[in-house]
Amino acid sequence: MNSRDSLARGVTRAAPGTLHARSLWGGVKIAPTPGRVLRFGRGEPPGVELTVGDDDLRVSRRHGELTYREGAWWLRNQGQQLVRLPRGKLMHTSSEPVPIAAGYTPLFVKGSGYREHLVELYVTDYDQPLTPRQRARTLAPKRWPLADDERLVLVALGQRYLLYEPEPRPLSYRQAAAELGCLTGGAPWGERKVAYRVDAVRMRLARAGDFPYELLRTEPDGPSDNTLKHNLLRGLVESTTLVPPDLALLDGPLAGGQGGTHPPGTC
């Protein structure tokens, strides 16, 4: 899944209630027809419409499904492993189906060990007629360019934000350096190198003058460094400069290359 194609950045115009779904293995778009079902899991079509975790035997062949009924898409977990929604909500096979809200929703399917497999969902607004203004092209949020090494460092530092954990906080520079060293096969990633990359991004965005949160300490009793890191990551994720598919950077060839995420600090 290419982060440039992330559903977090919106979708093309579609009828109200249209479901868009993406995984590492592809994407689908389904009209809101009563009784319509989207099935996802390790299997292949026609058993499932969206393949997820095809190399992970902990993912069920038909792990979950989304059904359109009562004017909304309802998610049910049918797999042996949990499905995690934003803010830490977990779904088991015994859980009641939950409706998916309009807009962007990432799902994380539990796999082998610490692996989680990302499924992105985007539902266009329910029950709203397409007025001329609604047909107009959506104005994209302000996004900031990042060099490849800056993006890698920021994803390592802010992976809890991209995992949609409740009340996320940044990793420490030491934790991020250890994670990056592990991912790159022991290449030197010290705390100072990580801090330098983060400080460079903070300085550049602060000088641009249009970042929504404070990035620099201008007074001795100003925000702590950890608060400034939080501000940076919050702004980058909210603007979709960083998106959940960027987590794949932490699972590259030297880390196994399996397309799943893992909890911070478990590289």
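User: Where does threonine 12 lie?

Analyst: First, some ground rules: this is a predicted model, where local features need pLDDT of at least 70, side-chain atom pairs count only at pLDDT 80 or more, and totals for chains, interfaces and linings use all residues. Residues are numbered from 1 along each chain as its sequence is written, and side-chain values use heavy atoms, with hydrogens and water left out. Helices (H or I, at least four residues) and strands (E, at least two) are DSSP runs, numbered from the N terminus. Threonine 12 sits in the segment before strand 1 (19–23).

User: Is threonine 12 buried or exposed?

Analyst: Buried means under 20% relative accessible area, exposed over 50%, and partly exposed in between (1.4 Å probe, protein chains only). Threonine 12 has a relative accessible area of 58%, so it counts as exposed.

User: Which residues is threonine 12 in contact with, leaving aside its neighbours within four places in sequence?

Analyst: Contact here means heavy atoms within 4.5 Å. With those neighbours set aside, the partners of threonine 12 are His20 and Lys29.

User: How many helices and strands does the protein have, and what share of its residues is buried?

Analyst: The count comes to 6 helices and 11 strands. Of the 267 residues in the protein, the buried share is 46%.

User: What length does helix 5 reach from its first C-alpha to its last?

Analyst: Helix 5 covers residues 191–208, which is 18 residues. The expected span is 1.5 Å times one less than the number of residues. For helix 5 that expectation is 26 Å, and the model comes close to it, at 26 Å.

User: Why do the buried residues of helix 5 line one face?

Analyst: The buried ones are Val194, Ala195, Val198, Val201, Arg202 and Leu205. An α-helix has 3.6 residues a turn, so residues three or four places apart point the same way. Looking down the axis of helix 5 (taking directions from the axis to the C-beta atoms), its buried residues line one face because they fall within an arc of 130 degrees.

User: Which exposed residues sit on the face of helix 5 turned away from its buried side?

Analyst: The buried side has covers that include helix 2 (148–157), helix 4 (173–183) and helix 6 (225–238). Turned away from that side are the exposed residues Arg192, Tyr196 and Arg207.

User: How are helix 5 and helix 6 arranged relative to each other?

Analyst: Axes are lines fitted to C-alpha atoms, for helices over the stretch in contact, with angles from 0 to 180 degrees between N-to-C directions. The axes of helix 5 and helix 6 come within 11 Å and cross at roughly 65 degrees. Under 35 degrees counts as roughly parallel, over 145 as roughly antiparallel, 65 to 115 as roughly perpendicular, and the rest as oblique. Helix 5 and helix 6 are therefore roughly perpendicular.

User: Which residues of helix 4 make the contact with helix 5?

Analyst: Helix 4 and helix 5 pack at about 110 degrees, with axes 8 Å apart. That makes helix 4 roughly perpendicular to helix 5. On the helix 5 side, the contact uses Glu191, Val194, Ala195, Val198, Asp199 and Arg202, and from helix 4 come Tyr173, Arg174, Ala176, Ala177 and Leu180.
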